[in-house]
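The following questions and answers go through the fold of one protein chain. The sequence and model come first.

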Amino acid sequence: MDTASVLQGTTPLVFFTGKGGVGKTSLSCAVALALAGQGKRVLLVSTDPASNLDEMLGAPLSDRPAAIPGAPGLFAMNIDPDKAAEDYRARVLAQLGPDIDDVEKATVREQLSGACTTEIAAFDTFVGLLAADAAAFDHILFDTAPTGHTLRLLSLPRAWTGFLQGNDRGASCLGPHSGLKTQEARFRAALKTLADPERTSIMLVTRPDRGAVREAARTADELRALGMGNRHLVVNGVFRPAVPGDAVADALARDHAAVLADLPAALAALPRHEVPLRSFDMVGLPALRALFRPGDAVGRPPVVAADPDAPGLDVMVDDLARAGRGLIMVMGKGGVGKTTVAAAIAIGLVNRGHQVHLTTTDPAAHVALVVEGTLPGLTVDRIDPVAETARYVEKIMRSTGRDLDEADRALMREDLASPCTEEVAVFHAFSRVVAEARSAFVVMDTAPTGHTLLLLDATGAYHRQVARDIGAAAPGRIVTPLMRLQDPDHTRVILVALPETTPVSEAASLQEDLRRAKIEPWAWLINRAMARTGTTDPLLQRRIASEAVQVARVRRGLSQRLYLLPFSPDPLIGVSRLLALSQAGAIRRGDPRHRPPAAQPGPVGSPSRPVRRS
């Protein structure tokens, strides 16, 4: 993929979307720099609540366009969800007029403190960018959050337009006099812009990885259903060995070639661009400008070995198993292998005699596809936003709506059709899973960082509401989901990162966010560590040199408990492969406690002894 290839036919609005960790930020930055280098005026916007544009571009960013030093014509900004939500609350309060008293203001502000307000506020900022800034820039590029979050964002113009049609009441979850009806024209204009192939194009970014490709295909279908037809496929990180004969390099190249030869029909029909695997981190303008250039000479470090002494995932599972029960939350940037790690931990715990419930909060993740089999003692499912929303709506209708007449029931059901309802429903499902860990092991594969932070924000808002409602009337009698997440005897958070600058920085930032919520991460796991593979390929050895720096960085002050999971050129899918990860050290030691249970192929079902549900 060269500069001319990626820039040919570039529309005024370009979205980079895909599974977490596929390189959306790197590619969007590189394209933005190339366009600015052609004399264009370009705005690069991150819609990810966990954006790392600042680090990539080497410039402090805010929620206003800022010129990037060293890149004439390029401006960048982050959509700050918290700032957008506060601005939205101020606008709603201003609409209430001068006669409202402080008690009413406090009530409205509390109504507007949830995650759905944060979502609609960020969305409102996004819609404003589509409309207001189009005349000021030749191109606006959106570096989006991982797929599930982005599909939610791009579907909101249609969802809110449909909700507001014929609805004069607004949405109760967004406060009285929310003004949503006055936004209807903006939402319709946004929907029209997104569907215009002359105005908007979508860069579906993936890596030559089966999970990422599967996610890209699903995204392509959903974008087509949303009316967004101008789609391109960008395959990032394609590896071709410089010198054949290295077993690891050859296996990795064969796997990449096999993935590309078997693309789903939804992707095979799209215009395709390939970006080669690079040895250098995509941080700083020189590296980003070099992404599309031939060769691999930027930031070439000396070849050194990473620390080989960190314990592996088998030791981690031993350490976790001692508690006998509890919630294990696997967190991190998208694409770092959270689903694989969570599945391996769950299977390892089952192998040590425990009942385990493996689930995910990621709307784009399917842990069952990684487990790919059944195992006595293991339950696998996911928090499905659609199913949870339907369950929540029916629950409200049966309880709160039970004694209403038909007209009021119809109005209630109409109000529950708001897109905000999904956020509330997912939070309720999350709370049930958190409580379940009081009596069994629950391993939770979380959504990529930004989406997870919004979920934790909802958890905190609920905790504050409960604390205010009960006051001092019932001390010690109420335990909220947040209190369970803060309890180290109940919850252990594992931060997963790749041995690269950006994933480690984002995990460090997530750790600070968790600590502000009084949740202390239990451990870090560095995934796909190349040093233990024994490869002699020049490019891969240069990557080993870079990873050594990041492993040392984590050791120096980010985590007191660190585990390492070696890179595998083959897909880590299926009970047997995952089991090997969690007992590799035990097998080497000849430990008789860990013997492979009989894994059975086929769809994941219920365990032989059901996990107790609270």
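Q: At roughly what angle do the axes of helix α13 and helix α14 cross?
A: The model is predicted. In it, helix α13 covers residues 313–321 and helix α14 covers residues 338–351. Their axes come within 10 Å, and the crossing angle is roughly 60°.

Q: Are α13 and α14 parallel, antiparallel, perpendicular or oblique to each other?
A: Roughly parallel requires an angle under 35 degrees, roughly antiparallel one over 145, and roughly perpendicular 65 to 115. The axes cross at roughly 60°. The two helices, α13 and α14, are therefore oblique.

Q: Which residues of α14 meet α13, and what is the hand of the crossing?
A: On the α13 side, the contacts involve L313, M316, V317, L320 and A321. Their counterparts in α14 are V341, A344, I345, G348 and L349. The crossing of α13 past α14 is right-handed.

Q: Which strands are the edges of the open sheet?
A: The sheet has eight strands in the order β3-β4-β2-β5-β1-β6-β7-β8, with mixed pairing. An edge strand here pairs on one side only, and this holds for β3 (66–67) and β8.

Q: In which sense do β3 and β4 run, and which residue stands opposite A67?
A: Two bridges join β3 to strand β4 (residues 74–78), and the strands run antiparallel. Within β4, the residue opposite A67 is F75.

Q: How many bridges join β7 to β6, and how many to β8?
A: Strand β6 (residues 200–206) runs parallel to β7, and L204 stands opposite L233. The chain passes from β6 through helix α9 (residues 210–225) to β7 in a right-handed β-α-β crossover. Strand β8 (residues 272–276) also pairs with β7 in the parallel sense, with V275 as the bridge partner of N236. The bridges number five between β6 and β7, and five between β7 and β8.

Q: What angle does helix α2 make with β5, and helix α10 with β7?
A: Helix α2 (residues 24–37) lies across several strands, including β1 (13–17), β2 (42–46) and β5 (139–143). Helix α10 (residues 247–261) packs on the sheet and touches β7 and β8. The angles are about 165° for α2 with β5 and about 170° for α10 with β7.

Terms used: Residues numbered from 1 in each chain as written. Predicted model: local features only at pLDDT ≥ 70, side-chain atom pairs only at ≥ 80, totals over all residues. Heavy atoms only, no water. Pairing = 2+ DSSP bridges. Helix = DSSP H or I, 4+ residues; strand = E, 2+ residues; numbered from the N terminus. Right-handed = clockwise from strand over helix to strand, strands pointing away. Contact = heavy atoms within 4.5 Å. Axes fitted to C-alpha atoms, helices over the stretch in contact; angles between N-to-C directions. Left-handed = near helix turned anticlockwise from the far one by under 90°.
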